[in-house]
Amino acid sequence: MASATLLKSSFLPKRSEWCAAARKSSNPQQVAVSFTVRAGAYSDELVKTAKTIASPGRGILAMDESNATCGKRLASIGLENTEANRQAYRTLLVSAPGLGQYISGAILFEETLYQSTTDGKKMVDVLIEQKIAPGIKVDKGLVPLAGSNDESWCQGLDGLASRCAAYYQQGARFAKWRTVVSIPNGPSALAVKEAAWGLARYAAIAQDNGLVPIVEPEILLDGEHGIDRTFEVAQKVWAEVFFYLAENNVMFEGILLKPSMVTPGAECKERATPEQVAEYTLKLLHRRIPPAVPGIMFLSGGQSEVEATLNLNAMNQSSNPWHVSFSYARALQNTCLKTWGGRPENVKAAQDVLLVRAKANSLAQLGKYSAEGEAAEAKEGMYVKNYSY
C-alpha cells in the first residue's frame, strides 16, 4: 500500500471531501487531500514492467485482434480464417529477428497467449527471448449501451480477476481493455461515465493480479467534426477517467495509457498537419495526465502508417514528462500482411517490412524520424467507420 498527496487537483477528490478539508484548513488555498493506492504485493513489479515497456525508442505491437477481426485481415489476402493460418501469421510477427530492438511489448489475443509457433515454441517464450513483454486483451468486446444515444459499453468485468490471475501464470505481464467514445453520437454523459468507470474497475483488478493495465478510451475518428471538437471531448473523457482511476485506488505509476491522438474527424474537410496534431494532443496530455504515469502509448486509429509515424514524431520534438510512444496494430502490420500474402516464401520479406515500420516508429519516439523514401502504400489511409476489434 502506498499513499499520495495531491494539491489543488482538478479531477481527483470528491467535492464533499474538498470542502470538508478546506473547512479544517487554516489556509483554504493550500488544501491537501490524501487517498490510498492499493496495488498489493505486485506494486514494485508493476512499476518495473511499466517502465520497461516505456523504454526509449520502443513501443507496443498490438496483435490482439479477435479471431473474427483476424479473419477479416486474412480474407483481405485471400486466406481462410483457420487456426493454422492465424498461427502462421502470428508466428511471422513474433519471430521477426531483432524485433525487440524497437518493440517492448506485444498485446495478444487469448488464443495467441496459449498458442505455439509453427516451430512448436510457445509464442510467449519467443517474445520473452526477444525481451518483449507479453500482454493480453482482457475485455469481452463492445455491446449497445441501453439508455444512450446508440452508443456502446465494454463488457468483461465478470470473472476478470480469475482470468487475469490465469493470464499472469501463463506469462502475461500487462493487459489491455478497449472502450470507445463516439463524437457524432454525443457523446452522452452516460457513455462517458460508463467508459471511465469500466476502465477504472478493470485497471484496479488487473493491478491486483500482477498485470499493468493499459487504459484505452478510444475516441473514434468517425464524424465531420474539427480538431477543436475532438479536443473538447477528449478533455472531458480523460478528466472522468482519472477521477474514477483515483476512486478505485489505481496506482498511476503502474499503468500505461493508450489514447487517441487529437485529430479532426475522418470526414472533416479541414485536415491537420502533424505539428497541429502534436500541439493539440500535448496540450491535452499536460492538462489531464499526471506525470506519475510512465507511458503514453498512442493508438493509430485508422491513420495511414506514415501519418501515424509523422504525428508521433512531431510530439517528440521536445521533452515530455512521460514516455510518448506507440501501440499500433494496422499502422505496423498493414504492409507486412500484404507482403506476406499467406505464402511461406514471403515470410522473410514480410518480416523485413515489419521491421522497417517498427524502426520508423522507434525513431519517431526519439523525435528523429523522416518520411523521406517511404513507399506510397505506407501512406494509404486505413480508416474504417465504427471499427471494432
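Which residues are exposed on the other side of helix α2? They are Asp44, Lys48 and Lys51, where exposed means over 50% relative accessible area, buried under 20%, and partly exposed in between (1.4 Å probe, protein chains only).

Before going on, note that this is a predicted model, in which local features need pLDDT of at least 70 and side-chain atom pairs count only at pLDDT 80 or more, while totals for chains, interfaces and linings use all residues. Residues are numbered from 1 along each chain as its sequence is written, and side-chain values use heavy atoms, without hydrogens and water.

Helix α2 covers residues 43-53, and its buried residues are Leu46, Thr49, Ala50 and Ile53. Looking down the axis of α2, you find these buried residues within an arc of 95 degrees (taken from the directions from the helix axis to the C-beta atoms), so they line one face of the helix. Helices (H or I, at least four residues) and strands (E, at least two) are DSSP runs, numbered from the N terminus.

Now for the barrel. Eight strands close it in the order β3-β4-β5-β8-β9-β10-β11-β12, with parallel pairing; two strands pair if DSSP finds at least two bridges between them. Four bridges join β4 to β5, and Ile107 stands opposite Gly135 in β5.

Here are some elements with their residue ranges:

| Element | Residues |
|---|---|
| Strand β4 | residues 103-108 |
| Strand β5 | residues 133-137 |
| Helix α13 | residues 347-365 |

Helix α13 packs on the sheet, touching β4 and β12, where contact means heavy atoms within 4.5 Å.

How values were computed. Axes fitted to C-alpha atoms, helices over the stretch in contact; angles between N-to-C directions.
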